[in-house]
Amino acid sequence: MKQSKRRQLGKKITGNAKKFGLLLGLFALIIIVIMGGRLFQIAGVKTVNNHNLTAATRMTFMQKSTVPATRGQILSSNGSVLADNSTVYDMYAVLDKKQKVNGKADYVTDPKKAAEEIAPIIGANQNDLYSLLSSNKLQVELGTKAKNLSVDQYNQIKKLNLSGIKFTAQPARYYPNNRMASHIIGLTNSVSNSVGQKTLNGVLGIEAYKNTALRGKDGVTTTLGSDVQTSKKNQVKNGSNVTLTINEKLQATLENRMDVLFSGTKAKSASAFVMEAKTGKIVAATQRPNFDPNTQDGLSDAWENLLNQGAFEPGSTMKTITLAAAIQEKKWQPNATYKSGTLDINGQKVTDAFGNNAGMLTYRQAFERSSNVGFAKIEQSLGAKTWKSYINRFHFLKKTGVELPNEQSGSMSFEQPIDQANTSYGQAIRTTPAQMLQAYSAFANKGTMVKPYLVAKTTNPTTGKTISTGKTTKVGQPISASTAKEVLSNMEGVVNADDGTAKQYSLADAGYQVAAKTGTAQVAENGKYLDGLTNAIHSVMALVPGDNPKYIMYIVVRQPQVFPDANIQITLNNVFRPVMLQALNDNDATVKSATKTVELPDVRGKSIEDAEKTLTDLGMKVTTVGSKGKITAQTIKGGQSAVKGQLILLSASGTVTVPDMSDWTKNEVLSWGNLAGVKITLSGSGYVEKQSVKAGSGVSNHKNITVTFKEKD
């Protein structure tokens with residue numbers, strides 16, 4: 001009975017197992033069919049949950065790379081390249097003796113020879129290089145002198161075929177004119193982009209201000225095997241070219257003249273600017289000290305751009321603004337008189353630079369002779385509130401927007417009556433040259449001010465198509481046209497009057513009337529003004545021609561330690577005269593003066609005789625420092641402009657003799673002395689009347705020459 005039951009139970013279990021197995025097999029078959037169908041579907045359409053498997057597979061084997069954009073050029077208004085792209089090299093040395101290529105040593109095998117041959121090329125100390133090259137390291141960098149090597153240095157070292165000397169290349173900027181307009185053009189540094197590639201970034205000047213346009217936009221390429229693809233969206237966009245308003249020829253003359261001024265005065269700083277009066281275009285600008293953007297020589301952490309960052313107390317050039325306010329407010333009484341010398345304001349004194357001996361003066365004379373007392377009294381007649389409104393109307397204490405980074409607004413002390421009076425003659429207020437140029441443009445444009453600007457246009461580097469254009473921007477009308485005309489007339493008086501402070505700037509002999517105002521401001525340190533002319537800021541603002549100005553020129557010299565002329569304004573005029581005449585003669589088709597400018601040839605490599613004849617035939621004064629061999633240098637380079645009658649100094653080898661300096665200017669004498677290595681002692685003013693050493697004498701026996709000057713009748 002029990003066996004029968006067990007047998008029946010066994011049959012039942014076996015039947016169930018067969019059924020379960022059958023169901024399991026059927027289920028597995030269904031799963032296989034579904035998966036097979038899905039696999040066939042995937043194989044056919046190559047998509048899973050809306051994800052394209054073909055694209056995903058390609059992405060697995062695809063590489064992306066960044067294509068760096070080429071930085072745009074900076075050009076002068078003449079089309080000459082002021083900033084271009086180049087390559088620099090960092091040098092290092094492999095010292096690991098296991099390094100070989102095709103069985104040959106790929107490490108430094110002769111440290112002494114390598115040090116001897118490399119040191120003079122990069123300007124490094126030979127012993128220091130040898131110490132690095134003979135160390136026990138596997139690889140060494142060779143110091144700061146071995147970084148940022150030029151293409152020329154790189155090629156020189158490569159020709160030596162020194163084993164183990166290696167280089168890494170990186171993009172760099174090249175400035176063909178070195179220090180010329182360096183504060184305007186600016187500087188770049190090398191930075192890494194998102195994938196570690198080196199690229200250039202503007203840090204000063206136009207390079208910084210227009211960095212986005214110049215830099216462009218990097219592109220992205222994708223590679224699958226040998227197939228390179230770039231979408232339109234990710235194509236490289238090279239940087240735009242930026243053309244400045246700077247006239248290269250005029251800039252070169254300004255640079256040469258400022259070199260002489262700066263070396264002759266030993267000033268703390270100096271700057272000069274030439275602006276088209278009607279348009280606001282800055283056609284020439286420079287400052288000292290400057291720097292070489294190729295080597296960064298002269299650059300410091302304290303570097304500032306004097307055009308828009310160097311705010312300072314402008315001194316008496318501010319009196320022209322006060323004059324304009326008085327004329328506009330009908331407070332100007334040119335023939336009324338006052339007592340000059342000293343004015344007491346609540347126990348504090350305003351004093352005239354010329355002292356107490358002038359006595360009674362008219363207010364016209366106050367402007368021509370630059371009387372602080374006279375203009376303090378004019379400010380009092382205006383009233384502090386009205387006078388301050390003109391400071392605002394002329395846009396002082398406000399940025400001009402000139403295309404340079406980090407512009408300053410300036411500042412002013414105006415709480416006390418003495419401060420209010422001081423601002424009328426340019427103390428207790430700090431302005432930038434850009435603000436001063438903008439303010440003076442109102443006198444040239446019938447009362448309308450125009451903004452100074454530096455960028456003429458940006459263009460596509462491939463097509464040349466203009467992307468944007470600089471334009472004249474009217475920024476205010478602080479005075480009427482009749483007031484502007486009267487201001488110019490009074491400025492002409494400062495040049496034409498016998499006791500006018502700007503009489504040195506007359507261009508009457510060249511057929512031009514000049515309207516000008518000079519300035520002298522004390523320098524403040526630690527809350528107090530320093531004494532003496534060596535602690536002053538000397539300046540001039542000149543508009544030419546006076547009746548309808550075409551150009552405005554502003555020259556500023558801060559704390560000159562040497563006065564090569566009897567009057568600092570004579571020194572400034574040695575910059576103003578040749579630059580302004582060149583500007584007028586190059587660009588004014590309707591009025592030409594008797595003075596002509598010429599483009600100088602490059603006489604380097606010529607014999608002394610041929611070089612001197614070539615330049616003399618062009619109407620130049622020529623003196624060669626040296627007596628034999630070929631000409632190696634000339635003070636004004638070939639291709640640059642010079643005024644006829646200007647002195648050109650040439651360099652050669654051999655004995656140096658003293659020239660006949662008759663009728664030379666002080667700057668010409670100092671230029672020759674600097675080049676010849678002779679100390680010059682100056683006396684008098686004007687033009688050379690006599691010299692202590694006879695012309696033709698060798699300078700080796702005369703290291704100090706006294707030169708006497710006399711004004712011409």
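Let me begin with His395, which has a positive phi of about 65 degrees although it is not a glycine. His395 sits in the loop between α13 (384–393) and β21 (411–412). Helices here are DSSP runs of H or I with at least four residues, strands are runs of E with at least two, and both are numbered from the N terminus.

A word on the source: this is a predicted model, in which local features need pLDDT of at least 70, side-chain atom pairs count only at pLDDT 80 or more, and totals for chains, interfaces and linings use all residues. Residues are numbered from 1 along each chain as its sequence is written, and side-chain values use heavy atoms, with hydrogens and water left out.

The loop between α13 and β21 also holds Asn406. Asn406, not a glycine, has a positive phi of about 60 degrees. Are these residues buried or exposed? His395 is buried, at a relative accessible area of 15%, whereas Asn406 is exposed, at 62%. Buried means under 20% relative accessible area, exposed over 50%, and partly exposed in between, with a 1.4 Å probe and protein chains only.

I turn now to the peptide bonds. Where do we find cis bonds? One joins Arg288 and Pro289, with omega about 0 degrees; Pro289 is in the loop between β16 (282–288) and α10 (319–328). Another joins Val544 and Pro545, with omega about -15 degrees, and Pro545 lies in the loop between β30 (536–544) and β31 (551–558).

Why mention such features? Most residues other than glycine have a negative phi, and most peptide bonds are trans.
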